[in-house]
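Please provide a briefing on this model, arranged by topic, with the cut-off behind each term.

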Amino acid sequence: MVKKDNEKGFVDIVNGRYKPRGLFHIPEANQPIFNKDTGKLAGVTNPRDMTYIHTYGSEAIFFESLGKGKLMASRCDNDKCDTKGSIYEPFRIFCPDCLRRATPIDISDKARKTATIHSFIVTHRSGAFNTLPIPIKFINVEFDEEVVTILMSVLALGEPEIGKKIVPIFRTKTPTYTIMDLMFVLEGTSESELPEGFTF
Ligand SMILES: [Zn+2]
């Protein structure tokens, strides 16, 4: 069910404080569960409609950049760290080795030049609230040797194959500011084939 604006919750930050407005908890009547064989009560349903406020903290730059067609990662620049220069994608706020704050960096070009499918899973059944087309082609994305982690994402078009070159695409037209703004396609895919709202 699509809600109207007067049935939604919104949040702004004004003068450094969160200012929620609208509806965050919508009450709904519960329903009894009867045993059709015996006519006896077995329980009740428990509907819950609530809007959760999810704060990104220092990861906000990653999600904001997706809508601008940029893939941000983070890198440890601490001279005293044994793993200085390691790049983390998914984005990590802190270096896991020295626990110092990592530096946000733009790896869009690196992703376009070096991303490959490390492994993949094709799933024909999804959980609740899925909006991805089924079957979902989940891919583990590998970049060059500077990026020391593997990124979990989705192949939007084409058939996955280990080692195949892929490029990122971004939901730049109406961004959701979530990970749903990033997917990948096989190298050589033309812009006209991309899903609605996505660009290279
Ligand atoms: Zn470090």
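A residue counts as buried under 20% relative accessible area, as exposed over 50% and as partly exposed in between, using a 1.4 Å probe and protein chains only. By that rule Cys81 is buried because its relative accessibility is 8%. The model is predicted: local features need pLDDT of at least 70, side-chain atom pairs count only at pLDDT 80 or more, and totals for chains, interfaces and linings use all residues. Residues are numbered from 1 along each chain as its sequence is written, and side-chain values use heavy atoms, with hydrogens and water left out.

**Zinc site**

- The protein donors of the zinc ion are the SG atoms of Cys76, Cys81, Cys95 and Cys98, at 2.3 to 2.4 Å from the ion; donors are N, O and S atoms within 2.8 Å of the metal (3.2 Å for Na, K and Ca), and water is not among the atoms, so sites may look incomplete.
- Along the sequence, the donor residues follow the spacing C-x4-C-x13-C-x2-C.
- Cys81, in the loop between β7 and β8, and Cys98, in the loop between β8 and β9, are 17 residues apart, and the pair links distant parts of the chain.
- Cys98 is partly exposed, with a relative accessible area of 24%.

**Sheet β8-β7-β9**

- Three strands form an open antiparallel sheet in the order β8-β7-β9; strands are DSSP runs of E with at least two residues, numbered from the N terminus, and two of them pair if DSSP finds at least two bridges between them.
- Strands β8 (87–88) and β9 (103–106) are at the edges, each with a single partner strand, so one side of each has no neighbour in the sheet.
- β7 (residues 72–75) pairs with β8 over 2 antiparallel bridges, and the bridge partner of Arg75 in β8 is Ile87.
- β7 is also joined to β9, by 4 bridges in the antiparallel sense, with Met72 opposite Asp106 in β9.

**Sheet β10-β11-β12**

- A further open sheet of 3 strands has the order β10-β11-β12, again with antiparallel pairing.
- β10 and β11 (residues 136–142) run antiparallel and are joined by 7 bridges; Val122 stands opposite Lys137 in β11.

**His118**

- His118 lies in strand β10 and is partly exposed at 38% relative accessibility.
- Its C-alpha is 5.6 Å from that of Val141, a residue 23 places away in sequence.
- Leaving aside neighbours within four places in sequence, His118 is in contact with Asn140, Glu142, Ile150 and Ile162, where contact means heavy atoms within 4.5 Å.
- The side chains of His118 and Glu142 form a polar contact of 2.8 Å; such a contact is a pair of N or O atoms within 3.5 Å, and within protein one must be able to donate a hydrogen and the other to accept it, while residues adjacent in sequence count only if both atoms are side-chain atoms.

**Arg171**

- Arg171 belongs to strand β13 (residues 166–171) and is buried, with a relative accessible area of 16%.
- The Arg171 side chain reaches the backbone oxygen of Met180 at 2.8 Å.
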